[in-house]
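Visitor: I have a protein model open and would like to learn how to read it. Could you walk me through some of its features?

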Amino acid sequence: MLSSLFLLFSVLVIENTLACTRVVYQGPNGTIVTARSMDWKDDIPANLWIFPRGMERNGEVGASSVKWKSRYGSVVTSSWDIASTDGMNEVGLVGNLLWLVESEYPDFQKDTDQPGLSISLWLQYVLDNFSTVQEAVEALGKEEFVVVSSFIPGTDKFTTVHLSISDKTGNNAIFEYIGGKLVIHQDMSYVAMTNSPVFEEQLAINSYWKGIPGTIMLPGTNRAADRFVRASYYIDAIPKTDDMKVVIPSVFSVIRNCSVPFGISSASEPNISSTRWRTVSDQKNLVYYFDNVLNPNVVWVEFSKIDFSENGQVRKLSLDKNENYAGESSQDFKTADPFQFSGLE
(Lines give C-alpha, C1' and ligand atoms only; values in the text may rest on other atoms or scores of the structure.)
Protein backbone atom coordinates (compact mmCIF):
# COMPACT_ATOMS: atom_id res chain seq x y z
CA MET A 1 0.00 0.00 0.00
CA LEU A 2 2.76 2.45 0.93
CA SER A 3 4.68 1.71 -2.25
CA SER A 4 1.53 2.22 -4.34
CA LEU A 5 0.83 5.55 -2.64
CA PHE A 6 4.41 6.68 -3.21
CA LEU A 7 4.15 5.74 -6.87
CA LEU A 8 0.89 7.63 -7.19
CA PHE A 9 2.45 10.74 -5.63
CA SER A 10 5.44 10.46 -7.96
CA VAL A 11 3.19 10.42 -11.00
CA LEU A 12 1.36 13.56 -9.88
CA VAL A 13 4.52 15.66 -10.09
CA ILE A 14 5.75 14.41 -13.46
CA GLU A 15 5.95 17.27 -15.93
CA ASN A 16 5.27 16.69 -19.61
CA THR A 17 3.50 18.54 -22.37
CA LEU A 18 1.26 16.08 -24.17
CA ALA A 19 -1.47 14.62 -21.98
CA CYS A 20 -3.38 12.10 -24.06
CA THR A 21 -5.59 9.13 -23.13
CA ARG A 22 -6.33 5.92 -25.04
CA VAL A 23 -8.93 3.24 -24.23
CA VAL A 24 -10.24 0.06 -25.89
CA TYR A 25 -13.83 -1.23 -25.65
CA GLN A 26 -14.24 -5.02 -25.85
CA GLY A 27 -17.88 -5.99 -26.45
CA PRO A 28 -19.73 -9.15 -27.54
CA ASN A 29 -19.66 -10.68 -31.04
CA GLY A 30 -16.31 -9.18 -32.00
CA THR A 31 -17.24 -5.59 -31.13
CA ILE A 32 -13.92 -3.79 -30.62
CA VAL A 33 -13.60 0.01 -30.52
CA THR A 34 -10.50 2.07 -29.73
CA ALA A 35 -10.70 5.73 -28.67
CA ARG A 36 -8.09 8.36 -27.89
CA SER A 37 -7.79 12.04 -27.03
CA MET A 38 -5.03 14.36 -28.24
CA ASP A 39 -4.07 16.98 -25.66
CA TRP A 40 -1.55 19.75 -26.31
CA LYS A 41 -0.90 23.17 -24.81
CA ASP A 42 -0.91 24.88 -28.22
CA ASP A 43 -2.83 24.36 -31.43
CA ILE A 44 -1.83 21.09 -33.13
CA PRO A 45 -3.23 21.22 -36.69
CA ALA A 46 -4.72 17.90 -37.79
CA ASN A 47 -5.94 16.58 -41.15
CA LEU A 48 -7.38 13.23 -42.22
CA TRP A 49 -5.61 11.26 -44.94
CA ILE A 50 -6.48 8.20 -47.02
CA PHE A 51 -3.42 6.19 -48.01
CA PRO A 52 -3.91 3.29 -50.49
CA ARG A 53 -1.92 0.08 -50.64
CA GLY A 54 1.33 -0.04 -52.58
CA MET A 55 2.88 3.22 -51.42
CA GLU A 56 6.68 3.27 -51.48
CA ARG A 57 8.12 4.69 -48.27
CA ASN A 58 11.44 5.09 -46.50
CA GLY A 59 12.39 5.87 -42.91
CA GLU A 60 13.59 9.46 -43.62
CA VAL A 61 16.81 9.18 -41.61
CA GLY A 62 19.42 9.06 -44.34
CA ALA A 63 21.13 6.40 -46.45
CA SER A 64 20.33 3.54 -44.06
CA SER A 65 16.63 4.31 -43.85
CA VAL A 66 14.27 1.35 -43.74
CA LYS A 67 12.36 0.98 -47.02
CA TRP A 68 8.99 -0.69 -47.60
CA LYS A 69 5.90 -0.84 -49.80
CA SER A 70 2.61 -0.60 -47.91
CA ARG A 71 0.65 -3.85 -47.75
CA TYR A 72 -2.48 -2.25 -46.31
CA GLY A 73 -4.33 0.98 -46.94
CA SER A 74 -5.16 3.22 -44.00
CA VAL A 75 -6.94 6.33 -42.77
CA VAL A 76 -4.74 8.43 -40.51
CA THR A 77 -4.78 11.69 -38.60
CA SER A 78 -1.69 13.78 -39.22
CA SER A 79 -0.14 16.34 -36.90
CA TRP A 80 1.18 19.45 -38.68
CA ASP A 81 1.21 17.24 -41.81
CA ILE A 82 4.62 15.90 -40.79
CA ALA A 83 3.66 12.72 -38.90
CA SER A 84 0.91 10.11 -38.58
CA THR A 85 -0.21 10.24 -34.95
CA ASP A 86 -3.37 8.15 -35.08
CA GLY A 87 -5.14 5.86 -37.51
CA MET A 88 -6.64 2.54 -38.57
CA ASN A 89 -5.74 0.32 -41.51
CA GLU A 90 -8.17 -1.49 -43.78
CA VAL A 91 -8.03 -4.73 -41.73
CA GLY A 92 -8.84 -3.06 -38.41
CA LEU A 93 -5.41 -2.55 -36.84
CA VAL A 94 -5.38 0.73 -34.89
CA GLY A 95 -2.35 2.74 -33.82
CA ASN A 96 -2.09 5.69 -31.41
CA LEU A 97 0.95 7.79 -30.54
CA LEU A 98 0.95 9.32 -27.04
CA TRP A 99 3.59 11.46 -25.36
CA LEU A 100 5.94 9.77 -22.88
CA VAL A 101 8.48 12.13 -21.37
CA GLU A 102 10.43 9.17 -19.94
CA SER A 103 11.29 7.87 -23.43
CA GLU A 104 14.96 7.38 -24.33
CA TYR A 105 15.77 6.11 -27.80
CA PRO A 106 18.80 4.14 -29.04
CA ASP A 107 21.84 5.99 -30.31
CA PHE A 108 21.79 6.45 -34.07
CA GLN A 109 24.46 7.66 -36.46
CA LYS A 110 23.18 8.93 -39.77
CA ASP A 111 24.55 7.48 -43.01
CA THR A 112 26.09 4.40 -41.43
CA ASP A 113 25.02 0.78 -41.84
CA GLN A 114 22.54 1.03 -38.97
CA PRO A 115 18.93 0.77 -40.26
CA GLY A 116 16.65 3.48 -38.91
CA LEU A 117 13.07 4.74 -38.98
CA SER A 118 12.03 8.30 -38.16
CA ILE A 119 9.65 8.49 -35.23
CA SER A 120 7.21 10.40 -37.45
CA LEU A 121 6.72 7.14 -39.41
CA TRP A 122 6.62 4.70 -36.49
CA LEU A 123 2.82 4.42 -36.43
CA GLN A 124 2.52 4.51 -40.24
CA TYR A 125 5.05 1.67 -40.57
CA VAL A 126 2.86 -0.52 -38.34
CA LEU A 127 -0.37 0.31 -40.18
CA ASP A 128 1.29 -0.25 -43.56
CA ASN A 129 2.76 -3.64 -42.74
CA PHE A 130 0.70 -5.58 -40.19
CA SER A 131 -2.81 -6.96 -39.82
CA THR A 132 -2.69 -8.00 -36.15
CA VAL A 133 -1.03 -7.02 -32.90
CA GLN A 134 0.77 -10.35 -32.77
CA GLU A 135 2.33 -9.80 -36.20
CA ALA A 136 3.57 -6.36 -35.16
CA VAL A 137 4.94 -7.60 -31.83
CA GLU A 138 6.86 -10.44 -33.49
CA ALA A 139 8.31 -8.19 -36.20
CA LEU A 140 9.21 -5.15 -34.10
CA GLY A 141 10.53 -7.40 -31.34
CA LYS A 142 13.31 -8.53 -33.68
CA GLU A 143 14.63 -4.94 -33.58
CA GLU A 144 15.85 -5.01 -37.17
CA PHE A 145 15.95 -1.21 -37.10
CA VAL A 146 15.95 1.55 -34.49
CA VAL A 147 13.37 4.29 -34.07
CA VAL A 148 15.08 7.65 -34.48
CA SER A 149 13.66 10.70 -32.73
CA SER A 150 14.39 14.37 -33.30
CA PHE A 151 13.08 17.82 -32.43
CA ILE A 152 9.63 18.84 -33.58
CA PRO A 153 10.44 21.15 -36.53
CA GLY A 154 10.51 24.83 -35.58
CA THR A 155 10.62 24.09 -31.83
CA ASP A 156 13.10 23.17 -29.11
CA LYS A 157 10.94 20.20 -28.07
CA PHE A 158 12.46 16.75 -28.54
CA THR A 159 9.86 14.15 -29.54
CA THR A 160 9.25 11.50 -26.87
CA VAL A 161 6.32 9.18 -27.52
CA HIS A 162 5.14 5.63 -26.99
CA LEU A 163 2.98 3.64 -29.39
CA SER A 164 -0.16 1.67 -28.59
CA ILE A 165 -1.82 -0.70 -31.05
CA SER A 166 -5.00 -2.79 -30.95
CA ASP A 167 -6.60 -5.16 -33.44
CA LYS A 168 -10.08 -6.42 -34.23
CA THR A 169 -9.70 -9.37 -31.81
CA GLY A 170 -9.21 -6.96 -28.90
CA ASN A 171 -5.51 -7.74 -28.48
CA ASN A 172 -3.31 -4.84 -27.35
CA ALA A 173 0.36 -3.91 -27.28
CA ILE A 174 2.32 -0.91 -26.06
CA PHE A 175 5.82 -0.13 -27.35
CA GLU A 176 8.13 2.08 -25.30
CA TYR A 177 11.81 2.96 -25.46
CA ILE A 178 13.09 3.07 -21.88
CA GLY A 179 16.79 3.66 -21.27
CA GLY A 180 17.44 3.15 -24.98
CA LYS A 181 15.83 -0.31 -24.97
CA LEU A 182 12.58 -1.37 -26.59
CA VAL A 183 10.01 -2.58 -24.04
CA ILE A 184 6.87 -4.31 -25.31
CA HIS A 185 3.74 -4.92 -23.23
CA GLN A 186 1.16 -7.21 -24.82
CA ASP A 187 -2.12 -8.43 -23.34
CA MET A 188 -5.85 -8.40 -24.03
CA SER A 189 -6.35 -6.64 -20.69
CA TYR A 190 -4.25 -3.57 -21.55
CA VAL A 191 -7.28 -1.50 -22.54
CA ALA A 192 -6.33 1.83 -20.92
CA MET A 193 -3.25 4.01 -21.35
CA THR A 194 -2.22 7.61 -20.79
CA ASN A 195 0.90 9.58 -21.62
CA SER A 196 2.82 9.00 -18.38
CA PRO A 197 4.32 7.32 -16.45
CA VAL A 198 5.84 4.28 -18.19
CA PHE A 199 3.17 1.65 -18.77
CA GLU A 200 4.40 -0.75 -16.08
CA GLU A 201 3.83 1.97 -13.47
CA GLN A 202 0.41 2.79 -14.92
CA LEU A 203 -0.61 -0.81 -14.25
CA ALA A 204 0.58 -0.51 -10.65
CA ILE A 205 -1.50 2.64 -10.15
CA ASN A 206 -4.56 0.89 -11.53
CA SER A 207 -4.05 -2.05 -9.17
CA TYR A 208 -4.18 0.35 -6.22
CA TRP A 209 -7.45 1.94 -7.37
CA LYS A 210 -9.14 -1.38 -8.10
CA GLY A 211 -9.44 -1.79 -4.33
CA ILE A 212 -11.61 1.33 -4.16
CA PRO A 213 -15.11 0.94 -5.70
CA GLY A 214 -15.53 3.32 -8.62
CA THR A 215 -19.14 3.94 -7.66
CA ILE A 216 -17.91 5.46 -4.40
CA MET A 217 -14.84 7.42 -5.51
CA LEU A 218 -12.76 7.99 -8.62
CA PRO A 219 -9.85 10.44 -8.97
CA GLY A 220 -11.13 13.50 -10.79
CA THR A 221 -8.20 15.69 -11.79
CA ASN A 222 -6.79 16.21 -15.28
CA ARG A 223 -3.51 14.50 -14.37
CA ALA A 224 -2.41 11.45 -16.33
CA ALA A 225 -2.70 8.99 -13.44
CA ASP A 226 -6.26 10.07 -12.67
CA ARG A 227 -7.31 9.94 -16.31
CA PHE A 228 -5.91 6.41 -16.56
CA VAL A 229 -7.99 5.24 -13.60
CA ARG A 230 -11.19 6.81 -14.95
CA ALA A 231 -10.63 5.37 -18.43
CA SER A 232 -9.97 1.91 -17.03
CA TYR A 233 -13.06 1.99 -14.81
CA TYR A 234 -15.57 3.52 -17.22
CA ILE A 235 -14.64 1.44 -20.28
CA ASP A 236 -15.57 -1.63 -18.24
CA ALA A 237 -18.67 -0.03 -16.69
CA ILE A 238 -20.48 1.07 -19.87
CA PRO A 239 -23.00 -1.36 -21.49
CA LYS A 240 -21.56 -4.47 -23.12
CA THR A 241 -23.44 -4.74 -26.40
CA ASP A 242 -22.94 -5.10 -30.15
CA ASP A 243 -25.50 -2.39 -30.91
CA MET A 244 -23.27 0.26 -32.43
CA LYS A 245 -25.90 2.95 -31.82
CA VAL A 246 -25.13 2.39 -28.13
CA VAL A 247 -21.44 1.45 -28.35
CA ILE A 248 -20.12 4.47 -30.26
CA PRO A 249 -21.74 7.16 -28.05
CA SER A 250 -20.79 5.15 -24.95
CA VAL A 251 -17.13 5.03 -25.97
CA PHE A 252 -17.22 8.70 -26.91
CA SER A 253 -18.59 9.45 -23.44
CA VAL A 254 -15.63 7.66 -21.84
CA ILE A 255 -12.96 9.44 -23.84
CA ARG A 256 -14.69 12.77 -23.28
CA ASN A 257 -14.75 12.06 -19.54
CA CYS A 258 -10.96 11.70 -19.74
CA SER A 259 -10.50 14.88 -21.79
CA VAL A 260 -9.30 18.25 -20.54
CA PRO A 261 -11.74 21.16 -21.08
CA PHE A 262 -10.67 23.52 -23.83
CA GLY A 263 -8.68 26.51 -22.62
CA ILE A 264 -7.43 24.78 -19.47
CA SER A 265 -3.69 25.03 -18.90
CA SER A 266 -1.26 25.55 -16.06
CA ALA A 267 2.17 27.17 -16.19
CA SER A 268 3.22 25.24 -13.09
CA GLU A 269 1.78 21.93 -14.33
CA PRO A 270 2.51 21.60 -18.05
CA ASN A 271 1.11 18.06 -18.03
CA ILE A 272 -2.34 19.69 -17.97
CA SER A 273 -3.13 20.64 -21.57
CA SER A 274 -6.37 21.18 -23.45
CA THR A 275 -7.84 18.34 -25.49
CA ARG A 276 -7.63 19.35 -29.15
CA TRP A 277 -9.28 16.39 -30.86
CA ARG A 278 -10.49 12.84 -30.29
CA THR A 279 -10.81 9.75 -32.49
CA VAL A 280 -12.92 6.62 -32.18
CA SER A 281 -12.10 3.59 -34.35
CA ASP A 282 -14.79 0.96 -34.93
CA GLN A 283 -12.62 -2.04 -35.74
CA LYS A 284 -15.48 -4.44 -36.43
CA ASN A 285 -17.33 -2.31 -38.97
CA LEU A 286 -14.27 -0.33 -40.10
CA VAL A 287 -15.47 3.19 -39.41
CA TYR A 288 -13.11 5.96 -38.26
CA TYR A 289 -14.54 8.90 -36.31
CA PHE A 290 -12.85 12.28 -35.75
CA ASP A 291 -14.03 14.85 -33.20
CA ASN A 292 -12.49 18.34 -33.26
CA VAL A 293 -13.32 20.17 -30.03
CA LEU A 294 -13.65 23.47 -31.94
CA ASN A 295 -16.27 22.01 -34.25
CA PRO A 296 -19.70 20.88 -32.99
CA ASN A 297 -19.88 18.08 -35.56
CA VAL A 298 -18.29 14.63 -35.53
CA VAL A 299 -16.84 13.50 -38.88
CA TRP A 300 -16.55 9.85 -39.81
CA VAL A 301 -15.31 7.72 -42.70
CA GLU A 302 -16.73 4.33 -43.68
CA PHE A 303 -13.97 2.19 -45.14
CA SER A 304 -16.43 0.37 -47.41
CA LYS A 305 -16.64 3.61 -49.42
CA ILE A 306 -12.87 3.96 -49.90
CA ASP A 307 -10.69 2.57 -52.70
CA PHE A 308 -7.64 1.24 -50.88
CA SER A 309 -6.31 -0.60 -53.95
CA GLU A 310 -2.95 0.24 -55.52
CA ASN A 311 -4.95 2.11 -58.14
CA GLY A 312 -6.52 4.22 -55.41
CA GLN A 313 -5.45 7.81 -54.80
CA VAL A 314 -4.00 9.58 -51.82
CA ARG A 315 -6.77 11.83 -50.55
CA LYS A 316 -7.01 14.48 -47.84
CA LEU A 317 -9.78 15.98 -45.72
CA SER A 318 -8.51 19.38 -44.53
CA LEU A 319 -9.51 20.05 -40.93
CA ASP A 320 -6.60 22.14 -39.69
CA LYS A 321 -8.53 25.42 -40.10
CA ASN A 322 -11.59 24.03 -38.30
CA GLU A 323 -13.43 23.36 -41.56
CA ASN A 324 -17.03 22.39 -40.96
CA TYR A 325 -17.92 18.85 -42.03
CA ALA A 326 -20.41 16.48 -40.45
CA GLY A 327 -21.30 12.80 -40.66
CA GLU A 328 -19.92 10.35 -43.23
CA SER A 329 -17.44 12.47 -45.19
CA SER A 330 -15.52 10.14 -47.51
CA GLN A 331 -16.92 12.07 -50.50
CA ASP A 332 -15.37 15.29 -49.18
CA PHE A 333 -11.76 14.06 -49.34
CA LYS A 334 -9.74 15.68 -52.14
CA THR A 335 -6.95 14.13 -54.18
CA ALA A 336 -3.62 15.39 -52.81
CA ASP A 337 0.09 14.73 -52.80
CA PRO A 338 1.10 12.82 -49.64
CA PHE A 339 2.65 14.95 -46.92
CA GLN A 340 6.37 14.77 -46.25
CA PHE A 341 7.17 12.89 -43.04
CA SER A 342 9.60 14.67 -40.74
CA GLY A 343 13.05 13.11 -40.44
CA LEU A 344 16.73 13.85 -40.11
CA GLU A 345 18.07 16.65 -42.30
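Visitor: Where is the place of Ile255?

Guide: Ile255 sits in helix H6. Helices (H or I, at least four residues) and strands (E, at least two) are DSSP runs, numbered from the N terminus. This is a predicted model, in which local features need pLDDT of at least 70 and side-chain atom pairs count only at pLDDT 80 or more, while totals for chains, interfaces and linings use all residues. Residues are numbered from 1 along each chain as its sequence is written, and side-chain values use heavy atoms, with hydrogens and water left out.

Visitor: Is Ile255 buried or exposed?

Guide: Buried means under 20% relative accessible area, exposed over 50%, and partly exposed in between (1.4 Å probe, protein chains only). Ile255 has 0% relative accessibility, so it counts as buried.

Visitor: Which residues does Ile255 touch?

Guide: A contact means heavy atoms within 4.5 Å. Not counting residues up to four places away in sequence, Ile255 touches Thr21, Val23, Ala35, Arg36, Ser37 and Arg278. Take Arg278: Ile255 and Arg278 are 23 residues apart in sequence, and their C-alpha atoms are 7.7 Å apart in space.

Visitor: What does helix H6 lie across?

Guide: Axes are lines fitted to C-alpha atoms, for helices over the stretch in contact, and angles run from 0 to 180 degrees between N-to-C directions. Helix H6 (residues 244-257) lies across E1, E2, strand E15 (275-282), strand E16 (287-292) and strand E17 (298-302), and runs at about 30 degrees to E2.

Visitor: What is the order of the strands in the open sheet of seven strands?

Guide: Two strands pair if DSSP finds at least two bridges between them. Here the order is E14-E1-E2-E15-E16-E17-E19, and the pairing is mixed. Strand E14 (192-194) and strand E19 (327-328) stand at the edges with a single partner strand each, so one side of each has no neighbour in the sheet. Arg22, for example, has Arg36 in E2 as its bridge partner.

Visitor: Let's turn to another helix. Why is helix H2 described as largely enclosed by the rest of the structure?

Guide: Eight of the eight residues of helix H2 (residues 122-129) are buried, so the rest of the structure largely encloses it. Among the buried residues are Trp122, Leu123 and Gln124.

Visitor: At what angle do H2 and helix H3 pack?

Guide: H2 and helix H3 (residues 133-140) pack at about 120 degrees, and their axes are 10 Å apart. Angles under 35 degrees count as roughly parallel, over 145 as roughly antiparallel, 65 to 115 as roughly perpendicular and the rest as oblique. That makes H2 oblique to H3. The contact is made by Trp122, Tyr125, Val126 and Asn129 of H2 with Glu135, Ala136 and Leu140 of H3. By class, the contact has five nonpolar, one polar and one charged residues. In this scheme Ala, Val, Leu, Ile, Met, Phe, Trp, Tyr, Cys and Pro count as nonpolar, Asp, Glu, Lys and Arg as charged, and the others, Gly among them, as polar.

Visitor: How many residues of strand E6 are buried?

Guide: Six of the six residues of strand E6 (residues 74-79) are buried, which leaves the strand mostly covered. Ser74, Val76 and Ser78 point one way from E6, while Val75, Thr77 and Ser79 point the other way.

Visitor: Which strands pair with E6?

Guide: Strand E3 (residues 46-51) pairs with E6 in the antiparallel sense over six bridges, and Ala46 has Ser79 of E6 as its bridge partner. Strand E7 (residues 83-89) also runs antiparallel to E6, joined by six bridges. In that pair, Ser78 stands opposite Ser84 of E7.

Visitor: How many helices and strands does the protein chain have?

Guide: The secondary structure comes to six helices and 20 strands. Of the 345 residues, 59% count as buried.
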